[in-house]
Each structure stands twice: as C-alpha cells, then as structure tokens.
Amino acid sequence: MAKPASSNTRAVTANRLRDGAVVFRTVTGGWSSRIADAETASSETDAARLLAQAERDAATAVVVGPYLIDVAEIGGELRPTSLRERIRAYGPTTPMAGVEAVPYL
Amino acid sequence: MYQYDHFDQEFVDQRVTQFRDQVRRRLTGELSEDEFKPLRLTNGLYLQLHAYMLRVAIPYGTLSAVQMRMLAHIARRYDRGYGHFTTRQNIQFNWIRLEDAPDALADLASVQMHALQTSGNVIRNTTADQWAGVALDEIEDPRIWCEIIRQWSSLHPEFSFLPRKFKIAVTGSPNDRAAVRVHDIGLRMHKNAAGEIGFEVIVGGGLGRTPLIGKTIAPFLPKQHLLSYLEAIMRVYNQAGRRDNIYKARIKILVHEIGVEEMRRRVELEWEGLRDGRLQLDASVVADIEQRFARPVYEKLPADSAEVALLRFKDKAFGRWMRANVVPHLQPGYAIVNISLKPEGEPPGDASAAQMDAIADLADAHSLGEIRVTHAQNLVLPHVKITDLPAIFARLQHIGLAADNIGQVGDIIACPGLDFCALANARSIPVAQRISRHFADAKLGAEIGDLQIKISGCINACGHHHVGHIGILGVDKHGEEFYQITLGGSAENAASIGTIVGPAVAYEDVVGAVDNIVRTYLDTRNADERFLDTVRRVGISPFKERLYAAA
Amino acid sequence: MPLLKNGRISEESWQPVGDEAPLPSDGAIVISFARFKAEPDRLAGRNAALGVRLKNTDDVRALADHVGRLGLIVLEFPKYTDGRAYSQARILREELGYTGELRAAGNVLLDQLLFMQRCGFDAFELARPDAELVWRKAVSTFAVFHQPTGDGRATILEQRRNALFEQRAQATWSGTAG
C-alpha cells in the first residue's frame, strides 16, 4: 500500500562495486556498511538531492545501482522498513550454524 | 569423467583472460554497469542482495574428486566457507568479490571447470540424468551428447543474445530423471523400430510464469543430426521469439502461439540448409569424445553381500538410509549412493567446504573419484562397492550428511529466495527448514513415502514449484510474505503442472498448511498409494476443503 | 558515423537516401528495404552501387535473388542485447552467398565484435578513436572455436577429426595399424 511519500524517512543504499557489499550513503558523503551511519532525508527534495549525489558515485565506478529505501527509527535505531532491505542490511535470516565446524576423521 | 584436451583447456583459459580484462575495465570505470552487466552475466557473475554471486557450471552434474576439492577451495578462499548446489546441477557461491572473480575463475580453469553459459540469454548448462552411465534402465549414456551440446553452445556467436535464457536437458533412460518435458528443449534417447538409437526432440516446455509441458517436434532424430537440428530450432527462436515482453520471451510462448506444427515447419525449413553441412557429427569425433569420458573400471564382484544384508537388519538407522538413499547399479556388486544435502533443518543444497572435502575423499576412496550433482540439489557417489556401504554411512554420519530422506518429505527443493536473491519476493530457505524440522520431529518421513516439496521465492520458479507434488510459491502481498500452494505437479514421465489449492497462506501458516495436506493424504490414500497418485485420483477438493475448513 | 571496415577506420562512401527523397542519378546510395522492394524498376535503371538497410525483423531471404547486385547490406542492432541480426547475417553469407560489405549499425560494442565477425560482418559503426586497436584485440581474444560459421575458421571438432585422420595415416605408414 502506498504511504504518503512526504511522511517517509529515506536513506540511499547501493552495492559497492569492487566487492558487492551492501552500503549506505553517509552524512560525510562516503559509504558505510552500517545503516546507523546513513544520512536520512525526510522531504522529497532532500531525498532527490541525496540520490543525485549517490548517482555520481555510480558514474565514477564506486557503487552500483543506488536507490532510496524507507527507513524508520525503531527502538532508538535506524532500520529499513521492508523485509528485503532488512535482509540486505543485516544479512540472511537463515541460520548457517556449523558451516566451518564439520569435524574431520 | 570427460577429460579436456588442449583445445578445451585453451578455450577456458582464453575465456578467463578475456574476463580478467573486462573486470579491469569495469573497475577503472571504462565500462559502465549497463555495459558490464551482460559481460559478467555470461560468466555466471550476478549482483545479488549481499554481494556478487558466482554460478559455476557443473556440466551435466558430473564432478571429479579433484574438482570438488577445488570447489571447497573456492568456498574457503573467496567466499564464506560454503556453497549452494542448484536445481541446474550447478553450484553457487554467494559472497564473491568482483575483484576476486577472475582469480576464482582461473583456479577453476586449472581443474577443467568454468562458469560459461551459466547466466544470460544464452544456451545454459545442459542437464542430464544424475545416474547417467550407471542406471539400470539406461539405453545410452546421455552425457556424451550433453558434452557435445556444451561445446557447440559455448560462446555461440549467433546465439549469445537470444530473447531469453535457454535450457536443454537430455535423458538416456525411459524413466525420465532429467525433466525433459519442462525444458526449452528436451531430448529423450530411444530406439526406433530398426533398433537404432536417436532422439525424441521435445520443444517449448518450461516453468516460470506460464508453465507449459513441451511438445514433440521430432519423434526420432538420428544422432548425427543433433547439432544441425538444434541450430535450426535456435535460429527460428532467435528470430521469432518475442523480445517485447520478458515474460513472453521464452521459446514455450512462441511454440504456444504459433503451434507445434508451424514451429516444425519453420525448423525443418532452416534445417534443410544446415543438415548436411559442417554441423553433421562424424562418428569418429563422437567416439573420440566418448573415449575421453574414461569409463570407470569395475572389479568383478559378487552381486550381494551377506554381511551388509545382515547389518541392514541389525542397524535400523543404516537400514533406513539404505532403503531411502541407495539404489541399484548396473554393475553387479556396486550401488549408487545418494547423499542428501537436506539434513534436518538445514538450508537445502548447501554444503560447507569441509563437507565438500570430505565427500571428495569418500569419492576417491569408494567411488572411483567421481561425484554427481542432482537437480534435486543432492549429491551422488555413483560407483560404490556394496561392501563399502557401511563405512560410507558411518563417515556421512560424522560429517552430518547421513539424512535418510531422498525423495521424501524432508528432501525439499528450494531456491535461495529473498535471503540472497535480488529477484525474490519471499523467503524460501527458512520455509524449507521449518517444514523439514516439523516432519523430522513427527518422524513421519518414511511413512509418508514419496513426496516432493518444491519451493520458489518468486514466479521465476528456480525452485520448480509447479512440478512439486506440493509446490510452494512465495509472493509479496503489501510487503508481507505469502505462499501459494499447488498440488499434483510432477516433472517425471507423466509430467504435470500443479493445481493451485486456494488462497495463499501467511509465512507463519505454511508448515501448518503442509501438515494439513499431508494428513489429508494419509487419511485418504489407498494402500501403498503415493501422494501424487492420491492427488491424481481424488483431485484437490478434499485437500482444499480440509485446508480451508478452519479459516 | 565513424566506420571500422576490415579492421581499419574508413571514410563513409555510401550516401543514405530517405524513403521520400529523390534518387540521385549516380553515386553509391543506401536505401531502406521497404523502398528496395517498392521500386525495383527505377533501381534497376540506376547504373551505380546500391546498398540496402534492413530492420532486424525483415526477412533477409527476400533478398535471395538480389544479393549479387548489392554492394552493401546494413543490419541493425537497436540494442546490443537484441541478437536477431546475427542470424540475418549468417543467412546472408552462408545461405544466400552474399559477398558485399555487411555492416553492423546501432548499438555496436567492442565485446560483441568477435561474435559479429564470426557471423559474417566486416564493417561496423563504432564510435571509438581506438577502434583499430580494439578490433585487433577483439578478434584475437580466442584462438579456438566451437561453431562452424562462414568465417572460414576451423572448429575444434574439425581439428580433432583431422588429428584423428593424421594419427591413422601415420599408423598405416609405420605399419602399426591393426
């Protein structure tokens, strides 16, 4: 369901070109793998400005495919609102226990 | 196992060099992402949610122990210590860095492996019966022909920008284990009245948004014409396949729209000009390829082992594993061992580097150095002495891969889903894990018997949900994960597409729904009737009524 | 449009003439396939080089009786991902025996040059100052090829077969044949 766009808080995410890692556009104009470092925009104008800056980094081969995501402050932490973006921010939800812990004879 | 000659080696080495240059141009910014994307895709490199994903080809699912160890090395050196075996008999690594990808491919090339044709709108990795060469019912080993197709399709200059991806499967047995009727082209080897072996050519099958069962375009194609006929089909498709709508671009839509008769007419027209040309397969060249498969040398052994038969009886766990996972081999005294990559509650198809190494060691010690990957995301040791079975079982228990559930409720096929895949709408792996755990707790697997559950996280159907006895398709409803359930699908001889049982259920309710369906089956079945046969006999109504009764 | 022809940057010598424009009486011209089909007599009366530009949905076999008098055929790649013109090229070269210039127009990228050359293209609209260098690199990326096309390269299967024949012949000469 479309929420009124103006009430959304947004951040910009992308994948880093050289390794594909999930990154967020920071307040200092860099990219961080922690969403806590992300710069947020609460108006359409600010969001568009943020995305335009990020797209310059896509053109200069720093990141790939920047886009805006909805975020919200939950429990004092900045979090993506969609499941897909939470999985990108925090990793797969599937337990990978024991991946390195297989005993040899 | 097929052994490369210097031509094959030179080809993959040059491919690595080419890709290294393409990656360099991308990292320096000379290539834009738009320009680079199809180049990396044709080398199996996707950009997924968390990182680049490298899909490595395992042609027709056959691997040597040496190659398996290399996959373990790739997992450790360039990834996070594990890999995911796919429904196309390939393996995917989920955490690859772009800057490392050329080195990973160079390492793979050193053991005669590559990532050619694993992505993009090209002819993809050709799949085959995972028991090729050892199955009791086999007419001819399909892998020779898969290898010939692999070579012909690799970097094909005319067919590298097709309307959409293109998948071919070959079976050499009357019992189809390669799902040839749900492929863009399916090839079924059989004997004609004169006793010659040739191909039934089936075209236009497929899953995805519009699941269709393929149609026979040529009932008997002599072997020497295989490539010219395939080239004729590809040429018709390349020119007439739809390019205006990605969901209508597969060859199945073309065949569906113009009809198989018209398709045959067009193909035969193209074929006329190609049939007697350079694509005609010379018997000596085919024999040369066949010879480079270096047939396993078996020992002369007694057909049975009294000791193993006794152990089967005494050790219940071993007996259960034998019944579910071990099948007869064409060579007396040998068996085919299926290794389930579906331990209770684990992600389907995943194997750690340590497990890969351990399986490579098992293959060297007990399976003439050979391993197979199945399209059900399991592994196979294809040449095992019956007397070695207890030792193999013990070792598999030790590495956590002794699950005795092949073909049963726990042997779930699942795509990576929203946990990894950029296309997915919903998660697949945790759904599979929950179902697996639920039925393991209930200890119902053996009692339920044959039951294939297949889960896809989106309509692209990498988890083959349409042909699951129970199919589960993840959909996004206003940002929530929902799952549409189908019943009665099958990819085997009498292939069928599953029927939607009713409204989609929420993530939390999937396990309950599957449990409900299974219990309806247990209450409805005739003695020894398989789940699929019960659904075919009674239809979906009894399942539907009970499933939605509570709602 | 800068042109790479037989591996060299070349001057354009063909004049495109629109569907409504009058036909110049001399000089090499390129017209659309639609016009080519519509005005056979007037075109036959012209005593100068003629080229045709096809869309990738046009049936190239309609040119079967005309390829001998065409000096240029232009095929289009509206997007590099649209590969229909590869098939058109092979039909023109290998089935219809067309020997004139076969030009790739539109979205032509260096990573596709080898595929195009293998299918019979010998001229490319390629806007790069380093086009010649790029071309030499592209066509020498691979030294071995799997598919028989009209480009004259021997395939790996053919090389294997020749090697088998040679082995047999040598075995016969040295008297070790069974």
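Guide: A polar contact is a pair of N or O atoms within 3.5 Å; within protein, one of them must be able to donate a hydrogen and the other to accept it, and residues adjacent in sequence count only if both atoms are side-chain atoms. What you see is a predicted model, in which local features need pLDDT of at least 70 and side-chain atom pairs count only at pLDDT 80 or more, while totals for chains, interfaces and linings use all residues. Residues are numbered from 1 along each chain as its sequence is written, chains are lettered from A and ligands numbered from 1 in the order in which they are written, and side-chain values use heavy atoms, with hydrogens and water left out.

The part to look at is chain B, which is divided into domain 1 (6-109), domain 2 (142-284), domain 3 (306-398) and domain 4 (414-549), with bounds that come from an automatic or database domain assignment. The centres of domain 1 and domain 4 of chain B, taken over C-alpha atoms, are separated by 33 Å, and their contact, meaning heavy atoms within 4.5 Å, takes ten residues from domain 1 and nine residues from domain 4. About 740 Å² is buried between these two domains of chain B, and carbon and sulfur atoms give 58% of that area; buried area is the accessible area (1.4 Å probe) that two parts lose on being put together, summed over both. On the side of domain 1, B:Gln48, B:Leu49 and B:Thr87 supply 54% of the area buried against domain 4, more than any other three residues.

Between domain 1 and domain 4 of chain B the count of salt bridges is zero, a salt bridge being a side-chain nitrogen of Lys or Arg within 4 Å of a carboxyl oxygen of Asp or Glu. The rule does find four residue pairs in polar contact there, both residues being at pLDDT 80 or more. The elements that give two or more residues to the domain 1 side are strand E4 (82-85) and E5 of chain B, and E5(B) gives the most, with three residues. Helices (H or I, at least four residues) and strands (E, at least two) are DSSP runs, numbered from the N terminus. The residues on this side of domain 1 divide into four nonpolar, six polar and no charged, where Ala, Val, Leu, Ile, Met, Phe, Trp, Tyr, Cys and Pro count as nonpolar, Asp, Glu, Lys and Arg as charged, and the others, Gly among them, as polar.
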